[in-house]
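Subject: Structure for you to look at

Hi,

Here is the structure I promised to pass on. Have a look at it first, and then read on for what turned up.

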Protein chains: 2
Amino acid sequence: MTFIDYTGLLGALLTTLSFVPQALKSLRQGSTEGISLLMYALFVTGLIFWLLYGFLLMSWPIILANSCTLVFAGAILGMKIRHVLHDHEKP
Amino acid sequence: MTFIDYTGLLGALLTTLSFVPQALKSLRQGSTEGISLLMYALFVTGLIFWLLYGFLLMSWPIILANSCTLVFAGAILGMKIRHVLHDHEKP
């Protein structure tokens, strides 16, 4: 692995793992109040295009980062949609 | 511009712009309650490494996406730190 790979891997790890504390905080609070529905809808859609870009370039840090981030950001989006629909949270 | 460039550009635009509605929502509410401080601290640090990766690969979609995202995510991190310090918000 080259130095370039390491910087991409570190960027991938940090930006991906960053969504874990947010998902845990929202789960613990049983609320996604303050979180923007539009942010997560745009972000998750964007991740799908990044993933496609990674596959087309065959860049494994981009593929790895975006598929993991998609899981966590997708979970937050799912929670937000549920709270907007069932708990009358603001979007 | 190739098809590959377009997918990267679209991913970049969507994931970058996604932070704008979150920043506006937090500004409007005058609160970042519900937002995880640790998420934004890790995310902003990760963006700096992604930016370095983009420069080393000379991939302009990665450079463009991450520098813009850094501005918006950095603004949200700044607001969160301010509200934790001054308004006793939970981190």
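Predicted model: local features only at pLDDT ≥ 70, side-chain atom pairs only at ≥ 80, totals over all residues.

The C-alpha trace of chain A spans about 50 × 25 × 15 Å along its principal axes. Chain A has 91 residues, and 48% of them count as buried. Among the contacts in chain A with a separation of 6 or more, 67% are between residues 24 or more positions apart.

Helix α1 of chain A covers residues 3-17, and its 15 residues should span 21 Å at 1.5 Å a residue; the end C-alpha atoms are 21 Å apart, which agrees. The buried residues of α1(A) are A:D5, A:T7, A:G8, A:G11, A:A12, A:L14, A:T15 and A:T16. What do the buried residues of α1(A) pack against? Within chain A they meet α2 (19-29) and α4 (60-87), and from chain B they meet α3 (37-57).

The 28 residues of α4(B) should span 40 Å at 1.5 Å a residue, and the end C-alpha atoms are 39 Å apart, which agrees. Buried residues of α4(B) include B:I62, B:I63, B:N66, B:T69, B:A73, B:I76, B:L77 and B:K80. An α-helix has 3.6 residues a turn, so residues three or four places apart point the same way. The cover over the buried residues of α4(B) includes α1, α2 and α3 of chain B, along with α3 and α4 of chain A.

That brings us to the interface. Contact between the chains involves 40 residues of chain B and 40 residues of chain A. The area buried between chain B and chain A is about 3,400 Å², and carbon and sulfur atoms give 74% of that area. Three residues, B:M39, B:W50 and B:Y53, supply 17% of the area that chain B buries against chain A, more than any other three residues. How many salt bridges does the rule find across the interface of chain B and chain A? The rule finds zero, while ten residue pairs are in polar contact there, both residues at pLDDT 80 or more.

On the side of chain B that touches chain A, the elements giving two or more residues are α1 (3-17), α2 (19-29), α3 and α4 (60-87) of chain B. The largest share, 14 residues, comes from α3(B). By class, that side of chain B has 25 nonpolar, twelve polar and three charged residues.

Last, some backbone angles to check on your screen. A:M58, in the loop between α3 (37-57) and α4 of chain A, has a phi near 55 degrees, a positive value in a residue other than glycine. A:M58 is exposed, with a relative accessible area of 61%. In the segment after α4 of chain A you will find A:H88, also a residue other than glycine with a positive phi, near 55 degrees. A:H88 counts as exposed at 71% relative accessibility. In chain B, α4(B) is followed by B:H88, whose phi is positive, near 55 degrees.

Best wishes

How values were computed:
Residues numbered from 1 in each chain as written. Chains lettered and ligands numbered in written order. Heavy atoms only, no water. Helix = DSSP H or I, 4+ residues; strand = E, 2+ residues; numbered from the N terminus. Expected span 1.5 Å × (residues − 1). Buried < 20%, exposed > 50% of the residue type's maximum accessible area, 1.4 Å probe, protein only. Contact = heavy atoms within 4.5 Å. Buried area = accessible area lost by both parts, 1.4 Å probe. Salt bridge = Lys/Arg side-chain N within 4 Å of Asp/Glu carboxyl O. Polar contact = N/O pair within 3.5 Å; in protein donor to acceptor, adjacent residues only side chain to side chain. Nonpolar A, V, L, I, M, F, W, Y, C, P; charged D, E, K, R; others polar.
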